[in-house]
Amino acid sequence: MKKAKLAALSLSAALLLSNCGSPAAKETNPPAPQEGAYVAGTYEASADGRNGPVKVSVTFTVDAIEKVTIVEHAESNGISAPAISGIPEAIVTYQSLGVDVVSGATITSEAILTAVAACVEQAGGDVEALKAVPAGEGEAETLQNATVDVLVVGGGKEATLRMAQEALDAQVQYGMISKGETLTELAETIGVPAETLEQTISEFNDLVKAGQPDEFGRRTWESTIEEGPFYAVAFSPCVHHTMGGLEIDSEAKVLNTEGQVIEGLYAAGEVTGGIHGTNRVGGNAVPDALTFGKIAGENAAKK
C-alpha cells in the first residue's frame with residue numbers, strides 16, 4: 001500500500017513539474033469574418049480599352065467603394081480624359097456600376113466599368129446589384145431665358161437604344177443589312193456555308209472569353225456573339241482619300257523637291273500632300289479642296 005501511495009505521489013509531482021516547466025497551450029480561434037458589403041482592402045484588375053488594357057485599383061471599406069484609381073492605360077489623350085477622370089469619380093459618388101458611358105469614349109468607359117466590376121467580385125461584392133443602382137438621376141434642371149452654344153435634347157440611354165434599334169430595323173427592311181434569327185438562317189441569307197459561319201463565331205467567342213486578340217490583332221470586343229437575332233453587313237475596300245502628293249505653299253503654288261515655287265503651277269485637294277501633316281484630319285478633305293481650290297483659282301486668274 002505504501003509503495004502504491006509513493007508511486008502516485010511521484011507521478012503527481014512529475015506532472016506538476018512538467019506543467020511548471022512549459023506554459024499551457026492557449027486555444028486560438030480564427031478571426032471572425034467581416035460583416036458588410038465587401039471585404040475591406042485594395043484590389044486591382046484590367047479590361048481591354050480602345051488601345052490596350054486599362055488597369056484600375058479599387059479600395060473598399062466593409063460597406064463602401066472608397067476610391068477608384070486608373071493605374072495604367074494607353075487610351076488616346078484628350079478623347080479619353082472625360083472617361084478616365086469622370087467614370088471613377090461617378091462610381092464612388094453614387095456607389096454604382098450603373099454609371100453611363102462617356103460619349104466619344106465608350107470603349108474606354110466600358111473598360112473602366114468592367115475592371116472595377118472585377119475588383120468588386122474580388123472584394124466579395126454584388127456586381128449586378130451595383131449595376132442596378134441609379135447614377136446621377138434626379139430632378140431635371142429647368143433652363144429659362146438661357147443662352148447656350150449647343151443644346152442637346154435627348155431621352156437618355158433607353159431612348160438612344162430604342163432609336164438605334166429602329167434605325168437597324170429600317171436598314172434591314174431596305175436590304176442594307178441582313179438579319180437571321182439563327183446563324184444558319186443568317187448564313188443562308190448572305191450566301192455562305194452555315195458550318196463555316198458557326199465555326200468562325202465559335203472561334204471568335206473563345207478568343208473573347210480568353211481575352212486574346214484575333215488573328216488580325218484586334219482585341220476591342222468584350223461581348224461574345226451567342227444570342228440571336230444575328231446581323232451581317234457587306235464591306236468592301238475603297239479609296240476615300242489619297243495620302244501624300246504635291247507639296248504646295250499657302251498660295252496653292254506647287255513646290256519642287258528643293259522647296260522652290262514652280263511658276264504657273266497650282267494644285268489643290270487630294271492631289272496635294274502634307275496639308276494635314278502625316279495623316280488626314282477627318283472631315284477636312286472637302287474643306288481642304290474647296291479652300292485651296294479657291295486660292296489656286298484666284299492666283300491663276302491673276303496671271
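At 37% relative accessibility, W221 comes out as partly exposed, a label for anything between buried (under 20% relative accessible area) and exposed (over 50%), with a 1.4 Å probe and protein chains only. The model is predicted, so to speak of local features takes a pLDDT of at least 70 and side-chain atom pairs count only at pLDDT 80 or more, while totals for chains, interfaces and linings use all residues. Residues are numbered from 1 along each chain as its sequence is written, and side-chain values use heavy atoms, with hydrogens and water left out.

Now for the rings. There are three aromatic pairs in the structure; rings of Phe, Tyr and Trp (its six-membered ring) pair if their centres lie within 6.5 Å, and planes under 30 degrees apart are stacked, over 60 edge-to-face, and the rest tilted. One of them joins Y38 and F60 in a tilted arrangement, 4.8 Å centre to centre with 40 degrees between the planes. This pair links distant parts of the chain, 22 residues apart: Y38 sits in the loop between helix 1 (2-21) and strand 1 (41-48), F60 in strand 2 (residues 53-60). Helices (H or I, at least four residues) and strands (E, at least two) are DSSP runs, numbered from the N terminus. Both partners are buried, Y38 at 6% relative accessible area and F60 at 3%.

W221 pairs with F204, edge-to-face, at 5.4 Å centre to centre and 75 degrees between the planes. Here too distant parts of the chain are linked, with F204 in helix 7 (residues 194-210) and W221 in the loop between helix 7 and strand 5 (230-232), 17 residues apart. F204 is buried, at 18%. Elsewhere, ring pairs tie Y38, Y43 and F60 into a cluster.
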